[in-house]
Amino acid sequence: MGAPAYGAMLLFALALAVGAAADTAPREEPTLPSTAAASADVAAAAVAGSGPGAAGAGISSNSVLVALLDSHYTELAELVEKALLLQTLEDAVGRHNVTIFAPRNEALERDLDPEFKRFLLEPRNLKSLQTLLLFHVLPARHPAGSFPAAAGAHPTLSGEDLELAAGTNGSLSVSQAAVTRPDAVLRPDGVIHGIERLLVPRSVQEDFNRRRSLAAISAVLPTGAPEVDPRTHRLKKPAPPVLPGAPPVLPVWDAMAPGPSIAPAPAPGPGNGKSHFDGHSQVKDFIQTLVLYGGYNELADILVNLTSLATEMGRLVSEGYVLTVLAPNDEAMARLTTDQLSEPGSPENILYYHMIPEYQTEESMYNAVRRFGKVRYDTLRLPHKVVAREADGSVKFGQGEGSAYLFDPDIYTDGRISVQGIDAVLLPEDDTKPTTPVSAGPVRKPPAVTSSRKSKLRRGKLLEATCGMAGFFGQRSRLASCQ
């Protein structure tokens, strides 16, 4: 047997050995991924991002947060999205288990006080809405079986405590609200319990009461009072006859100061010991309202800290004057440049131009511009006036690029001081423009003579008749005037 045949037989033997080894090795069957593994790899469509405890992995579709957004607690889910709390709740779920107490939809739609719901949905009360929603989340897992028999306090994500308790008959409660659907949603990272009503923390309730009290004390006229035109200070409709000895229909101040101008104070001033108006308290209340209203902190800071305008306003109100303040919001004040504020007295002059020595409300100013088209109001920065006109269903102040719209109407109205929020800072027109000298009028010149013949003077009708009669009698040549 030659060398080639021997090599071929050796290769054939090696091939048989490899085939036998492959037959004896266990075969790996293809396996499908489990349901849990597939769910963990699917990112939730409603929640994006990653929590710090998830090591960069997104929230899975099996999360309690996704279950909340997809559950039948639609009203609570909408409030969570409006309050911009998705990222906060996602971080909490990434760090530890959570327990969510979800009010039923009817408790948020029909059972909730409409005034309180309006308060929560206002953009300036976003902090209160966030505190309210985080008050319903516990940073720990509390299924129905772990509720203590005696009420115990448990901290929430808002920082305030909730009391969990289990009754003898198996009922569960959280801060005196019954749990109607215990363990409604169970997930590996949390649990959701359905409750009968909304839970309101003490801080949110106090904030709501404070805002409601400010709105109540800002009433301008009591019910049944006669309506007075703020521009003419006269009754809008005839008043019923007054019995002898009854108080007058118009206040004494309106009778003594009938016009909207800077008239002498109709009420006794503070110097004689018979002050009728506490202007300083009213100005303090108005500035406090600006701060609590939100968005006007820059103006309040200028009035109190940078200038003495608050003291001057209090003195004016104490002496009987009324004021309407056109208050620029914080965004408008931030647009002021350094050059506009660097000159001495610039903040005072700017704010003087925003103070009208009349008592105007949003309704009175809008009615005025609707009726007259353009209204010029006096300001405390004499002799400048601020021009108001109707635009886009509102009142627009100023002209051109320096104009401002009435943005927040009737922020504060107490009968002496009226505050109207605007969205820009008003600046008066530059009064330093070069003025052209006023001429004495064009000099009238006699008409130029264009012909060589002198123009014949025009005679009156009586002279013409006399010359005609003189010519009839042959005496025309004797009269020089008839030549």
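What share of contacts in the chain between residues at least 6 apart in sequence join residues at least 24 apart? I began my notebook with that one, and the value is 62%, where contact means heavy atoms within 4.5 Å.

**Entry 1: ground rules**

I am working with a predicted model, in which local features need pLDDT of at least 70 and side-chain atom pairs count only at pLDDT 80 or more, while totals for chains, interfaces and linings use all residues. Residues are numbered from 1 along each chain as its sequence is written, and side-chain values use heavy atoms, with hydrogens and water left out.

**Entry 2: the whole chain**

I looked up the overall make-up and found 18 helices and 14 strands. Helices (H or I, at least four residues) and strands (E, at least two) are DSSP runs, numbered from the N terminus. Of the 483 residues, 36% count as buried; buried means under 20% relative accessible area, exposed over 50%, and partly exposed in between, with a 1.4 Å probe and protein chains only.

**Entry 3: the sheet from β1 to β7**

I traced an open sheet of 7 strands with mixed pairing, and its order reads β2-β1-β7-β6-β5-β4-β3. Each of the edge strands, β2 (137–138) and β3 (152–155), has a single partner strand, so one side of each has no neighbour in the sheet. Two strands pair if DSSP finds at least two bridges between them. As a reminder to myself, strands of a sheet pair through backbone hydrogen bonds, either parallel or antiparallel. Here β6 and β7 (residues 190–195) run antiparallel and are joined by 5 bridges; I noted that V179 has I195 of β7 as its bridge partner.

**Entry 4: a loop with positive phi**

Next I checked the loop between β5 (172–174) and β6 (177–187), where S175 sits. S175 is not a glycine, yet its phi is positive at about 50°. Q176 lies in that loop between β5 and β6 too, and its phi is about 65°, again positive without being a glycine. S175 is partly exposed at 24% relative accessibility, whereas Q176 is exposed at 77%.

**Entry 5: the sheet from β8 to β14**

I then followed another open sheet of 7 strands, also with mixed pairing, in the order β9-β8-β14-β13-β12-β11-β10. Its edges are β9 (355–356) and β10 (374–378), each with a single partner strand, so one side of each is left without a neighbour. Strands β12 (residues 394–397) and β13 (residues 404–413) run antiparallel, with 2 bridges between them, and F397 has A404 in β13 as its bridge partner. In the loop between β10 and β11 I found P383, joined to L382 by a cis peptide bond with omega about 0°.

**Entry 6: helices over that sheet**

Helix α13 (residues 309–318) lies across β8 (323–328), β9 and β14 (417–422), at about 155° to β8. Helix α17 (residues 362–372) lies across β10, β11 (385–391), β12, β13 and β14, at about 130° to β10. These angles run from 0 to 180 degrees between N-to-C directions, and axes are lines fitted to C-alpha atoms, for helices over the stretch in contact.

**Entry 7: α11 against α13**

How far apart are the axes of α11 and α13? They are 7 Å apart, and α11 (residues 279–293) packs on α13 at an angle of about 130°. The two helices are therefore oblique to each other; angles under 35 degrees count as roughly parallel, over 145 as roughly antiparallel, 65 to 115 as roughly perpendicular and the rest as oblique. Among the residues making the contact are F286 and I287 of α11 and M313 and R315 of α13.
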